[in-house]
Structures are given as structure tokens and as C-alpha cells.
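Subject: Handing over the model

Hi there,

Here is the structure I promised to pass on to you.

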Number of protein chains: 2
Amino acid sequence: MMTELPLEQVRTLLAVVDEGTFDAAAAALHVTPSAVSQRVKALEQRTGRVLLQRTKPVRPTESGAVLVRFARQLARLERDARGELGLSGPGEPTRVSVAVNADSLATWFLQALLRVPGLCFELHREDEDHTAALLREGLVMAAVTSSPDPVPGCSVRPLGRMRYLPVAAPEFAARHLDGPLPDLLPEAPVMVFDRKDDFQDGFVRQLGGTAAGPLRHHVPTSEGFLDAVAAGLGWGMVPEAQARPLLREGRLVLLARREWMDVRLHWQQWKLDSPALAALAEAVSTTAAQALRH
Amino acid sequence: MMTELPLEQVRTLLAVVDEGTFDAAAAALHVTPSAVSQRVKALEQRTGRVLLQRTKPVRPTESGAVLVRFARQLARLERDARGELGLSGPGEPTRVSVAVNADSLATWFLQALLRVPGLCFELHREDEDHTAALLREGLVMAAVTSSPDPVPGCSVRPLGRMRYLPVAAPEFAARHLDGPLPDLLPEAPVMVFDRKDDFQDGFVRQLGGTAAGPLRHHVPTSEGFLDAVAAGLGWGMVPEAQARPLLREGRLVLLARREWMDVRLHWQQWKLDSPALAALAEAVSTTAAQALRH
């Protein structure tokens, strides 16, 4: 099917999705809005499916998303080829879009980017559920995710384990947690990243308790979460890379010496023969091998 | 109209929106799924409007959002009243949900929370466009926003100005920006928060140039953005509270001594006679008065 798709129409579809409206796509492509509209309609007739929801901004339907991903992959292949041929001018940098979870971005991920000079990075900070959707839509080419199940069209490789330690400010621990943890944790104020974060609950269950307590503070940034724990707002599970310096300075204490939670991280990326993407994947693997546990 | 609304049905609607499905709402309310479904249908017949989009998760329609906001305000009033009467047990903390922009959260906002002990905070990190939507839907009761235009049902007070300084790593500045900035900035790699961030472009225009260059890195966290600038990935506009320590250590340099950009921040909150919300607003005002410019 792919080879028979009218590529100009596919590129137009991508422009409409990226720009959000038919008019903006027309301006970006230097054609009239009615030309844009005709191309999209022609593509819908050819494929026999509705490809766009006519919302503001425009959104691809499920069928449309398949073509949008194809268009992005096509654009990437073209750009790589032009780059290898020395045809990409200074106005056309090689762009790599990646979805990353907040804790990776706050700890080790930027180091990986520094290993691949000459690329332009577009990072999206997303939890792992949304990550898969971004890969499926083709909005990102790769993602750091906790899911080992490949999104269709993607390959997966393991990166290592990120360890989360149960910590609190010293005064907080003395006041709320001076005794058996499974009994005390459900009564103590707890930090939670967002509504989807069941990490603290999981830790309490791991200790044999029921769940973390109802006194919950939601702070949905990695550094804000850490700052709030250090300020004594609540206890929380913190990546060891962030916790260690504060543990050394005595600004945090470990709540349990032999208990923690590990999250296995994976790298998912489009199956695409792109030198830029391959170089990034290599840099991410190398950095993760140093920063994460095995 | 409000006083005639069947409150049990309104609460059920809220539970469905919060839990995401009819089944989960039924479990939370300890009733059968068909009871939930009947209540929502009855409310839709009574109001003559479709209130929920039957997606997964369920979403309120525009009319539904009005009732959801009403239900949240109702729940808040009830909780405050019970709290003042000493009726709220340890299982029912007073919860305050607030939307905050990333840079405020990374710099001064947590300090405000520490001034109001005894509340549970649910922070949402959002750019200012989405902030208004969250207030309108009633998902948050208050927001730090750049918009001085009140969302319907909300009051606004100014907080002060957050100053952004143009900075880069010293080696980066020596390599890319050793000359007239309006000419050099459009050629240099630039950090951008996300696709909506036109801050760097605005700064270049302020200097008389056209826009920041096409070599753009998108890093959508406040601390990641700062780290990337300090690592030499690009220049960027950084809140002065974050820039000052690194400027002192020589890890960043100012690109222009007399040029910066200021963002006026505002506090928007529901017009609601809630002691918890009033205490937080007071703490936010006081903290902002110290942390921001006037």
C-alpha cells in the first residue's frame, strides 16, 4: 500500500496535523487553503477513510495517525539522505524527537544528548502511558519507557534499572516515622508525583502495609518532588541519583536500609535505518549503562 | 438553577469524571454501575444536555464541565464546613488543587506551600493556556498564570514580575556569540521549552533581530532547560532566580547586561469563601512579594 500513496498528499496531511489548521498548513506549504483541502479529501477518498477530525486544532483519526507516522518517517529518511549527501543546509538541522519520563530527564538523560553533537533534540516529558501514544502517532521517534512491549513499528532494548529509595527529611522522620514503618507510613503525609503515581503505595504494600496515607501532596515535577520531600512536606520514593547527595549532607534520611523499588527502563524507537537515531540510541545505551543499575 | 439540581446526581457525575469510568465510579460510591448510569442519565434528562463524552476515560462535555465545577465547589464548601465544625477526621484532609507554571514551581512556589501547614496540595504543572481550562473545568481551584483576564467565576490578583535573563555557557558564548547579538543569535543553537515557547524569539526581536535560529532544542522541564543551557547545548532565557547562582559560579554568562524579559504573574482563584483557599492565597502573595519583582 505504502508505495502507492500519493506522497504530496501525505505530506500535506502531515502539515495540517503539525500546523493545526488547513489555513496554517497552506501558509507553511505556500499553497492555497483550498489546495490543502482538496489534497486531504483526495487522500481520504483514495484510502476510503476519514483521516482528520475537523476539530481546532485538527487531529488525526486512527487511520490518519498511521499516515501521519508514515509521513514523519518519510521526512526523516529524506532528511537523513540529504544530510549524508551534504545537501542539508544550515536552515535544516537534523531533528530528533524523544519522549522521556521526568525522573530520567532530571537525572541521566541530558548526559546522553551531549554525546551526540550536531543534532537538534525535541524532548517530550511524558509518563509511560502517554509515551506509547506519542510513538504510535509518530510524534516522537523514540522514547524512554517502563514498558518492554514494543509499540507497533518499534524496536525495544533494555536500559537498566532505576532505583527509588524511601526517604524523608530528618525532622519529618523523627516526628512521623519513629517506629514500625508498615503501621506508621499510612498515617504520615506522603508525596505523590501525580494521580497515576502508585509508587509510594506500592512501597507500603511491599513492606506489608495496605497503602500510603490519605494525606497526599501532588507535586508533578521531579525536582519539585525532591524539594518538597527535603522541605518536610511528606515522605517519598526518590531516584537514588537525586537522593544520594542529600543523604550525604544529612538533609534526607533513608527510611529503610534494605528496601527500595526498582523500575526497569527501556528504549523504544522506530524501526528505521536512520544514522541520527542510531547515534542517539547508542549514546542513550552507553549513558544508561553508567547511570542505571543492571 | 443551581439550587434545584439533584445533588446526589451531581456528585455521581463528579465521581464518574474523576474515576474515568462508570464502573470505577460505582466502586468508589459503593453502588452498582447501573445506578451510576441511571443517575447520570437522569441528570442529562433534567438539564436537557449531554453531560459526558462516553470516551475512555470519560470526559465532561462543555455543559458537563459546568456541573463538574459546581460539584467540586460544593464538595469544597462541605469539607471546609465540616473542618470548621471539627468534623473532618484524619481520613479527610483538606485538599487544595492548584495549577502552576513550571518556572514558578522550580523557583518560589514551594516556599508558599510551606507557609500553610495542615493542607494537602495537589499541584498541576501546566502552561498558562491549559491553566485557564483547568480552572474552567474546576479541576483546580487556583492557578499561577500569566493571564490577567479572570476565568469566569474567578478572581485575579497580581503577584509580580518574573525576570528572565539571556544566558549561555561561557564556551558556548565565546564560540557562537562573540559579536553583535541581533546578527549572531539567529545563527546560534537555542534552547526552547516546548513548541509554545516563543520567549527566545521574543528576545531576539526585542534586540531588533527577526527570531531565534532554526537550531532548536526542546527541553520541557525548568531544571532540564537550565541544565541544558549550562551544558552548552544552546543559549536561553532563564529565570533570574535560577541563573544568578550559576552566573556567580561562572558556569553561565549574561549575553546582554541591559536586556531581559519580564513576565507578569497573577493568582487566579475561585470566588469561594474557603478558609483554606484564603490562607493559601495569602501565603502565595507573601512569598511572591519576596521572590518576584514589582
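This is a predicted model: local features need pLDDT of at least 70, side-chain atom pairs count only at pLDDT 80 or more; totals for chains, interfaces and linings use all residues.

Residues are numbered from 1 along each chain as its sequence is written, chains are lettered from A and ligands numbered from 1 in the order in which they are written, and side-chain values use heavy atoms, with hydrogens and water left out.

**Where the chains meet**

Chain B and chain A bury about 2,700 Å² between them, 62% of it on carbon and sulfur atoms (buried area is the accessible area, with a 1.4 Å probe, that the two parts lose on being put together, summed over both). Chain B brings 30 residues to the contact and chain A brings 29 residues (contact means heavy atoms within 4.5 Å). On the side of chain B that touches chain A, β4(B) supplies the largest share, seven residues (strands are DSSP runs of E, at least two residues, and helices runs of H or I, at least four, numbered from the N terminus).

**A residue of that strand**

B:Leu123 lies in strand β4 (residues 119-125) of chain B. B:Leu123 is buried, with a relative accessible area of 2% (buried means under 20%, exposed over 50%, partly exposed in between, with a 1.4 Å probe and protein chains only). Not counting residues up to four places away in sequence, B:Leu123 touches A:His218, A:Val219 and A:Pro220, and its partners in chain B include B:Phe109 and B:Leu113.

**Inside chain A**

The largest nonpolar core has 77 residues, of which A:Trp108, A:Phe109, A:Leu123, A:Trp235 and A:Trp267 touch the most other members (such a core is a set of buried Ala, Val, Leu, Ile, Met, Phe, Trp, Tyr and Cys residues joined through side-chain atoms within 4.5 Å). Helix α13 (residues 275-291) of chain A gives the most to this core, with seven residues. Beyond its neighbours within four places in sequence, A:Phe109 is in contact with residues including A:Leu123 and A:Trp267.

A:Gln269 is in strand β11 (residues 261-270) of chain A and is buried, with a relative accessible area of 9%.
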